[in-house]
Amino acid sequence: MCLAKVNSAEETLSSQSHNGTNDIKMSHNTFVVDEAEERTQGSGNYVSSVRTVALCVFSAVAFGVGVGFVDGVSKASEFFAGYLLEQSLSVDNLFVFVLIFKYFKVPLMYQNRVLSYGIAGAVIFRLSIILLGTATLQRFEAVNLLLAGILLYSSFKLFTGEEEDADLSDNFIVKTCQKFIPITSEYDGDRFITLQDGVWKATPLLLTVAVIELSDIAFAVDSIPAVFGVTRDPFIVFTSNLFAILGLRSLYTLISESMSELEYLQPSIGVVLGFIGFKMILDFFGYHVSTEASLGVVATCLSAGVLLSLVKKSDQ
(Lines give C-alpha, C1' and ligand atoms only; values in the text may rest on other atoms or scores of the structure.)
Protein backbone atom coordinates (compact mmCIF):
# COMPACT_ATOMS: atom_id res chain seq x y z
CA MET A 1 0.00 0.00 0.00
CA CYS A 2 2.75 2.40 0.93
CA LEU A 3 4.74 1.42 -2.15
CA ALA A 4 1.75 2.18 -4.35
CA LYS A 5 1.39 5.65 -2.77
CA VAL A 6 5.09 6.36 -3.32
CA ASN A 7 4.84 5.34 -6.97
CA SER A 8 1.74 7.49 -7.37
CA ALA A 9 3.51 10.49 -5.83
CA GLU A 10 6.51 10.03 -8.09
CA GLU A 11 4.26 9.89 -11.14
CA THR A 12 2.48 13.08 -10.01
CA LEU A 13 5.78 14.92 -9.47
CA SER A 14 7.09 13.70 -12.82
CA SER A 15 3.92 14.89 -14.54
CA GLN A 16 4.09 18.31 -12.84
CA SER A 17 7.76 18.65 -13.72
CA HIS A 18 7.01 17.73 -17.32
CA ASN A 19 4.14 20.23 -17.46
CA GLY A 20 6.32 22.93 -15.90
CA THR A 21 9.01 22.31 -18.48
CA ASN A 22 6.42 22.56 -21.24
CA ASP A 23 5.12 25.85 -19.76
CA ILE A 24 8.64 27.28 -19.71
CA LYS A 25 9.21 26.18 -23.29
CA MET A 26 5.88 27.66 -24.38
CA SER A 27 6.67 30.93 -22.56
CA HIS A 28 10.11 31.07 -24.17
CA ASN A 29 8.65 30.32 -27.58
CA THR A 30 6.02 33.03 -27.12
CA PHE A 31 8.71 35.54 -26.17
CA VAL A 32 10.80 34.56 -29.19
CA VAL A 33 7.76 34.89 -31.49
CA ASP A 34 6.84 38.32 -30.03
CA GLU A 35 10.44 39.50 -30.37
CA ALA A 36 10.56 38.26 -33.96
CA GLU A 37 7.25 39.98 -34.76
CA GLU A 38 8.55 43.24 -33.25
CA ARG A 39 11.74 43.03 -35.34
CA THR A 40 9.70 42.25 -38.46
CA GLN A 41 7.33 45.16 -37.79
CA GLY A 42 10.26 47.51 -37.15
CA SER A 43 11.96 46.36 -40.34
CA GLY A 44 8.72 46.87 -42.26
CA ASN A 45 8.32 50.40 -40.88
CA TYR A 46 11.91 51.21 -41.82
CA VAL A 47 11.48 49.96 -45.40
CA SER A 48 8.19 51.83 -45.72
CA SER A 49 9.83 55.02 -44.42
CA VAL A 50 12.70 54.70 -46.90
CA ARG A 51 10.20 54.42 -49.75
CA THR A 52 8.17 57.39 -48.51
CA VAL A 53 11.23 59.62 -48.09
CA ALA A 54 12.51 58.61 -51.54
CA LEU A 55 9.09 59.40 -53.03
CA CYS A 56 8.98 62.81 -51.32
CA VAL A 57 12.49 63.70 -52.52
CA PHE A 58 11.70 62.52 -56.07
CA SER A 59 8.45 64.56 -56.02
CA ALA A 60 10.34 67.67 -54.88
CA VAL A 61 12.95 67.23 -57.63
CA ALA A 62 10.26 66.65 -60.25
CA PHE A 63 8.37 69.74 -59.05
CA GLY A 64 11.54 71.84 -59.19
CA VAL A 65 12.27 70.66 -62.73
CA GLY A 66 8.69 71.50 -63.67
CA VAL A 67 9.10 74.99 -62.23
CA GLY A 68 12.22 75.36 -64.35
CA PHE A 69 10.35 74.43 -67.54
CA VAL A 70 7.45 76.79 -66.77
CA ASP A 71 9.14 79.79 -65.11
CA GLY A 72 12.81 79.40 -66.03
CA VAL A 73 16.03 78.25 -64.39
CA SER A 74 16.13 81.15 -61.93
CA LYS A 75 12.82 80.16 -60.29
CA ALA A 76 13.89 76.51 -60.20
CA SER A 77 17.12 77.53 -58.46
CA GLU A 78 15.11 79.50 -55.91
CA PHE A 79 12.93 76.45 -55.22
CA PHE A 80 15.85 74.05 -54.81
CA ALA A 81 17.75 76.48 -52.56
CA GLY A 82 14.65 76.95 -50.39
CA TYR A 83 13.93 73.22 -50.32
CA LEU A 84 17.48 72.26 -49.30
CA LEU A 85 17.47 74.93 -46.62
CA GLU A 86 14.10 73.87 -45.19
CA GLN A 87 14.99 70.18 -45.32
CA SER A 88 18.22 70.72 -43.39
CA LEU A 89 16.46 72.84 -40.76
CA SER A 90 13.76 70.16 -40.47
CA VAL A 91 16.38 67.47 -39.79
CA ASP A 92 17.96 69.66 -37.12
CA ASN A 93 14.56 70.28 -35.52
CA LEU A 94 13.80 66.55 -35.36
CA PHE A 95 16.29 66.31 -32.51
CA VAL A 96 13.95 68.46 -30.42
CA PHE A 97 11.04 66.16 -31.30
CA VAL A 98 13.08 63.21 -29.99
CA LEU A 99 13.58 65.03 -26.68
CA ILE A 100 9.86 65.87 -26.47
CA PHE A 101 8.82 62.25 -27.06
CA LYS A 102 11.30 61.01 -24.45
CA TYR A 103 10.25 63.61 -21.89
CA PHE A 104 6.54 62.74 -22.20
CA LYS A 105 7.33 59.01 -22.58
CA VAL A 106 5.18 58.78 -25.71
CA PRO A 107 4.77 55.11 -26.74
CA LEU A 108 6.42 54.36 -30.07
CA MET A 109 3.12 53.28 -31.63
CA TYR A 110 1.62 56.76 -31.07
CA GLN A 111 4.55 58.92 -32.18
CA ASN A 112 3.60 58.91 -35.87
CA ARG A 113 0.06 59.98 -34.94
CA VAL A 114 1.44 62.95 -33.02
CA LEU A 115 3.78 63.87 -35.89
CA SER A 116 0.89 63.70 -38.40
CA TYR A 117 -1.09 66.28 -36.44
CA GLY A 118 2.05 68.35 -35.96
CA ILE A 119 2.74 68.37 -39.71
CA ALA A 120 -0.85 69.34 -40.55
CA GLY A 121 -0.67 72.24 -38.10
CA ALA A 122 2.74 73.30 -39.44
CA VAL A 123 1.44 73.48 -43.03
CA ILE A 124 -1.50 75.71 -42.01
CA PHE A 125 0.60 77.94 -39.77
CA ARG A 126 3.42 78.39 -42.27
CA LEU A 127 1.02 79.27 -45.08
CA SER A 128 -0.45 81.99 -42.86
CA ILE A 129 2.92 83.41 -41.83
CA ILE A 130 4.25 83.30 -45.42
CA LEU A 131 1.28 85.29 -46.72
CA LEU A 132 1.65 87.77 -43.88
CA GLY A 133 5.42 88.01 -44.39
CA THR A 134 5.05 88.60 -48.13
CA ALA A 135 2.58 91.43 -47.59
CA THR A 136 4.80 92.98 -44.90
CA LEU A 137 7.97 92.83 -47.03
CA GLN A 138 6.18 94.43 -49.98
CA ARG A 139 5.11 97.39 -47.85
CA PHE A 140 8.10 97.73 -45.51
CA GLU A 141 11.44 97.00 -47.17
CA ALA A 142 13.34 97.68 -43.95
CA VAL A 143 11.85 94.49 -42.47
CA ASN A 144 14.59 92.72 -44.43
CA LEU A 145 17.12 94.05 -41.93
CA LEU A 146 15.07 92.66 -39.04
CA LEU A 147 14.89 89.22 -40.68
CA ALA A 148 18.62 89.37 -41.44
CA GLY A 149 19.29 90.14 -37.78
CA ILE A 150 17.22 87.10 -36.73
CA LEU A 151 19.23 84.85 -39.06
CA LEU A 152 22.58 86.22 -37.90
CA TYR A 153 21.58 85.73 -34.26
CA SER A 154 20.45 82.15 -35.00
CA SER A 155 23.76 81.51 -36.76
CA PHE A 156 25.65 82.86 -33.76
CA LYS A 157 23.72 80.57 -31.38
CA LEU A 158 24.61 77.52 -33.48
CA PHE A 159 28.30 78.44 -33.43
CA THR A 160 28.44 79.13 -29.70
CA GLY A 161 27.67 75.46 -29.14
CA GLU A 162 24.37 75.98 -27.36
CA GLU A 163 22.66 72.60 -27.37
CA GLU A 164 19.08 71.66 -26.63
CA ASP A 165 18.62 70.79 -22.99
CA ALA A 166 17.64 67.13 -22.65
CA ASP A 167 15.64 68.03 -19.51
CA LEU A 168 12.52 69.82 -20.71
CA SER A 169 11.01 70.34 -17.25
CA ASP A 170 12.10 74.00 -17.26
CA ASN A 171 11.39 74.59 -20.96
CA PHE A 172 9.15 77.65 -21.44
CA ILE A 173 6.88 76.01 -24.02
CA VAL A 174 6.44 72.84 -21.93
CA LYS A 175 5.71 74.78 -18.73
CA THR A 176 3.22 77.07 -20.51
CA CYS A 177 1.28 74.13 -21.98
CA GLN A 178 1.22 72.31 -18.64
CA LYS A 179 -0.10 75.44 -16.96
CA PHE A 180 -3.08 75.94 -19.27
CA ILE A 181 -3.93 72.33 -20.22
CA PRO A 182 -5.28 70.09 -17.42
CA ILE A 183 -3.94 66.60 -18.14
CA THR A 184 -4.19 63.08 -16.79
CA SER A 185 -1.17 61.33 -15.36
CA GLU A 186 -1.46 58.36 -17.73
CA TYR A 187 -2.16 57.70 -21.41
CA ASP A 188 -5.54 56.38 -22.52
CA GLY A 189 -4.62 54.55 -25.73
CA ASP A 190 -4.34 56.98 -28.64
CA ARG A 191 -6.99 59.34 -27.25
CA PHE A 192 -6.30 63.05 -26.89
CA ILE A 193 -9.15 63.64 -24.38
CA THR A 194 -10.55 61.24 -21.79
CA LEU A 195 -13.15 61.25 -19.01
CA GLN A 196 -11.61 60.98 -15.54
CA ASP A 197 -13.68 61.20 -12.33
CA GLY A 198 -16.54 62.75 -14.30
CA VAL A 199 -14.28 65.49 -15.72
CA TRP A 200 -12.98 65.71 -19.30
CA LYS A 201 -9.20 66.05 -19.30
CA ALA A 202 -6.47 66.04 -21.89
CA THR A 203 -4.13 63.08 -22.04
CA PRO A 204 -0.34 63.52 -22.26
CA LEU A 205 -0.71 62.79 -26.00
CA LEU A 206 -2.61 66.07 -26.55
CA LEU A 207 -0.04 67.96 -24.47
CA THR A 208 2.71 66.49 -26.66
CA VAL A 209 0.93 67.70 -29.82
CA ALA A 210 0.57 71.19 -28.32
CA VAL A 211 4.27 71.34 -27.40
CA ILE A 212 5.31 70.18 -30.89
CA GLU A 213 3.02 72.74 -32.57
CA LEU A 214 4.41 75.59 -30.47
CA SER A 215 7.95 74.33 -31.07
CA ASP A 216 7.31 74.47 -34.82
CA ILE A 217 6.23 78.09 -34.46
CA ALA A 218 9.57 78.76 -32.76
CA PHE A 219 11.38 76.91 -35.59
CA ALA A 220 9.59 79.02 -38.18
CA VAL A 221 11.28 82.12 -36.75
CA ASP A 222 14.49 80.77 -38.33
CA SER A 223 13.22 78.93 -41.39
CA ILE A 224 10.72 81.38 -42.91
CA PRO A 225 13.12 84.39 -42.91
CA ALA A 226 15.82 82.10 -44.35
CA VAL A 227 13.69 81.22 -47.38
CA PHE A 228 12.65 84.86 -47.80
CA GLY A 229 16.37 85.55 -48.03
CA VAL A 230 16.47 83.33 -51.12
CA THR A 231 13.23 84.36 -52.83
CA ARG A 232 10.32 86.78 -52.41
CA ASP A 233 7.91 84.61 -54.42
CA PRO A 234 5.30 83.34 -51.88
CA PHE A 235 4.53 80.35 -54.12
CA ILE A 236 8.16 79.22 -54.06
CA VAL A 237 8.48 79.91 -50.33
CA PHE A 238 5.38 77.85 -49.49
CA THR A 239 6.06 74.93 -51.84
CA SER A 240 9.66 74.58 -50.65
CA ASN A 241 8.34 74.47 -47.08
CA LEU A 242 5.59 72.05 -48.03
CA PHE A 243 7.85 69.50 -49.73
CA ALA A 244 10.34 69.65 -46.83
CA ILE A 245 7.60 69.09 -44.24
CA LEU A 246 5.61 66.33 -45.99
CA GLY A 247 8.31 63.68 -45.59
CA LEU A 248 9.12 64.68 -42.02
CA ARG A 249 7.26 61.81 -40.34
CA SER A 250 9.03 59.11 -42.35
CA LEU A 251 12.34 60.95 -42.04
CA TYR A 252 11.92 60.89 -38.26
CA THR A 253 11.54 57.09 -38.35
CA LEU A 254 14.78 56.78 -40.36
CA ILE A 255 17.12 59.05 -38.43
CA SER A 256 15.63 59.53 -34.94
CA GLU A 257 18.23 57.18 -33.42
CA SER A 258 21.23 58.45 -35.39
CA MET A 259 20.75 62.24 -35.47
CA SER A 260 23.33 62.74 -32.73
CA GLU A 261 25.93 61.29 -35.13
CA LEU A 262 25.45 64.24 -37.55
CA GLU A 263 27.89 66.29 -35.49
CA TYR A 264 28.73 68.86 -38.17
CA LEU A 265 25.19 69.46 -39.42
CA GLN A 266 24.50 72.31 -36.98
CA PRO A 267 27.70 74.23 -37.81
CA SER A 268 26.96 73.88 -41.53
CA ILE A 269 23.43 75.20 -40.96
CA GLY A 270 24.97 78.07 -38.98
CA VAL A 271 27.16 78.97 -41.98
CA VAL A 272 24.14 78.88 -44.30
CA LEU A 273 21.99 81.07 -42.02
CA GLY A 274 24.85 83.55 -41.63
CA PHE A 275 25.37 83.66 -45.40
CA ILE A 276 21.69 84.31 -46.08
CA GLY A 277 21.58 86.97 -43.36
CA PHE A 278 24.48 88.85 -44.96
CA LYS A 279 22.89 88.33 -48.39
CA MET A 280 19.69 90.03 -47.21
CA ILE A 281 21.68 92.98 -45.88
CA LEU A 282 23.55 93.30 -49.19
CA ASP A 283 20.26 93.10 -51.12
CA PHE A 284 18.84 95.91 -48.99
CA PHE A 285 21.75 98.16 -49.91
CA GLY A 286 21.56 97.26 -53.61
CA TYR A 287 24.25 94.57 -53.90
CA HIS A 288 22.50 91.50 -55.35
CA VAL A 289 23.81 87.93 -54.92
CA SER A 290 22.47 85.62 -57.65
CA THR A 291 20.12 82.77 -56.77
CA GLU A 292 22.45 80.29 -58.48
CA ALA A 293 25.33 81.40 -56.23
CA SER A 294 23.07 81.11 -53.18
CA LEU A 295 22.03 77.59 -54.21
CA GLY A 296 25.68 76.64 -54.63
CA VAL A 297 26.63 77.91 -51.16
CA VAL A 298 23.65 76.22 -49.49
CA ALA A 299 24.22 72.86 -51.22
CA THR A 300 28.00 72.90 -50.61
CA CYS A 301 27.77 73.79 -46.91
CA LEU A 302 25.06 71.25 -46.10
CA SER A 303 26.73 68.47 -48.10
CA ALA A 304 30.05 69.18 -46.40
CA GLY A 305 28.42 69.05 -42.96
CA VAL A 306 26.82 65.66 -43.62
CA LEU A 307 29.91 64.17 -45.29
CA LEU A 308 32.27 65.31 -42.52
CA SER A 309 29.91 63.81 -39.93
CA LEU A 310 29.85 60.47 -41.78
CA VAL A 311 33.65 60.46 -42.20
CA LYS A 312 34.19 61.09 -38.48
CA LYS A 313 31.70 58.35 -37.62
CA SER A 314 33.53 55.83 -39.85
CA ASP A 315 36.88 56.70 -38.23
CA GLN A 316 35.62 56.01 -34.71
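Reader: Is the crossing of H2 and H6 left-handed or right-handed?
Author: This is a predicted model, in which local features need pLDDT of at least 70, side-chain atom pairs count only at pLDDT 80 or more, and totals for chains, interfaces and linings use all residues. Residues are numbered from 1 along each chain as its sequence is written, and side-chain values use heavy atoms, with hydrogens and water left out. Helices are DSSP runs (H or I, at least four residues), numbered from the N terminus. A crossing counts as right-handed if the near helix is turned clockwise from the far one by less than a right angle, left-handed if anticlockwise, and for H2 and H6 the crossing is right-handed.

Reader: Are H2 and H6 roughly parallel or roughly antiparallel?
Author: H2 spans residues 73-103 and H6 residues 204-228; their axes are 10 Å apart, at an angle of about 155°. Angles run from 0 to 180 degrees between N-to-C directions of lines fitted to C-alpha atoms. Under 35 degrees is roughly parallel, over 145 roughly antiparallel, 65 to 115 roughly perpendicular and the rest oblique. So H2 and H6 are roughly antiparallel.

Reader: Which residues touch the most other members of the largest nonpolar core?
Author: Such a core joins buried Ala, Val, Leu, Ile, Met, Phe, Trp, Tyr and Cys residues through side-chain atoms within 4.5 Å. Buried is under 20% relative accessible area, exposed over 50%, partly exposed in between (1.4 Å probe, protein chains only). The core has 57 residues, and the ones touching the most other members are Phe97 and Ile276.

Reader: And which helix gives the largest share of this core?
Author: Phe97, from H2, is in contact with Ile212 and Phe219, among others. Those two belong to H6's side of the helix contact. The largest share of the core, 12 residues, comes from H6.

Reader: What about H2 and H7, at what angle do they cross?
Author: H2 passes H7 in a right-handed crossing. The pair is oblique. Their axes come within 8 Å and cross at roughly 40°.

Reader: Is Thr239 buried or exposed?
Author: Thr239 sits in H7, residues 234-246. Beyond four places in sequence, Thr239 touches Phe63 and Phe79. Its relative accessible area is 6%, so Thr239 is buried.

Conventions
Contact means heavy atoms within 4.5 Å.
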